[in-house]
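Thanks for sending this one over.

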Amino acid sequence: MAYVGQRFKTGDKCDTSGRYQFDGYTDGTSTPTPTANEQIIPLDVGDTFPPVRSSNKAAWWKYLGY
């Protein structure tokens, strides 16, 4: 089970359903800014954390809760 604030990166498997917020790119950058639809995403158990499609970059995702 994830805890609020826990971070995951693109390619990790989701083990807790809920909402996840963009928390920077894995290369240490924060630009370009993801689109509004990409900043908070819903995921279900078993889903793979996605890249930010608009920039085609791997990202960190922070668990917000259900």
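Leaving aside its neighbours within four places in sequence, which residues is Glu 38 in contact with? Point 1 takes this up; please keep in mind throughout that this is a predicted model.

1. Glu 38 and its surroundings. Glu 38 is found in helix 1. Once neighbours within four places in sequence are set aside, Glu 38 is in contact with Phe 22, Val 52, Arg 53, Ser 54 and Trp 61.

2. A buried charge. Although Glu 38 is buried, it has no salt bridge. The nearest side chain of opposite charge belongs to Arg 53, at 6.3 Å. Since a salt bridge calls for a side-chain nitrogen of Lys or Arg within 4 Å of a carboxyl oxygen, that distance is outside the cut-off.

3. The nonpolar core. The largest nonpolar core has 13 residues, and Tyr 20, Phe 49 and Trp 61 have the most contacts inside it. Strand 2 (18–25), strand 3 (40–43) and strand 4 are the elements that each give two or more residues to this core. In soluble globular proteins, nonpolar side chains tend to be buried together.

4. Phe 49 up close. Beyond its neighbours within four places in sequence, Phe 49 is in contact with Tyr 20, Leu 43 and Trp 61, and also with Phe 8, Lys 9, Thr 10, Gly 11, Asp 12, Lys 13 and Cys 14. Do take a look at Trp 61 here, as this residue is in contact with Phe 49 and also with Glu 38.

5. Is Gly 65 buried or exposed? Gly 65 counts as buried because its relative accessibility is 9%, under the 20% cut-off. Gly 65 is found in strand 4, which covers residues 59–65. Apart from neighbours within four places in sequence, Gly 65 is in contact with Gly 18 and Arg 19. Asp 23 is 42 residues from Gly 65 in sequence, with 15 Å between their C-alpha atoms.

6. The peptide bond from Thr 31 to Pro 32 is cis, with omega near 0°. Pro 32 is found in the loop between strand 2 and helix 1 (36–39). The other spot is Asn 56, in the loop between strand 3 and strand 4. Asn 56 is not a glycine, yet its phi is positive, near 55°. Asn 56 counts as exposed because its relative accessible area is 66%.

Conventions: Residues are numbered from 1 along each chain as its sequence is written. This is a predicted model: local features need pLDDT of at least 70, side-chain atom pairs count only at pLDDT 80 or more; totals for chains, interfaces and linings use all residues. Side-chain values use heavy atoms; hydrogens and water are left out. Helices (H or I, at least four residues) and strands (E, at least two) are DSSP runs, numbered from the N terminus. Buried means under 20% relative accessible area, exposed over 50%, partly exposed in between (1.4 Å probe, protein chains only). Contact means heavy atoms within 4.5 Å. A nonpolar core is a set of buried Ala, Val, Leu, Ile, Met, Phe, Trp, Tyr and Cys residues joined through side-chain atoms within 4.5 Å. Lys and Arg count as positive and Asp and Glu as negative; His and the chain ends are not counted.
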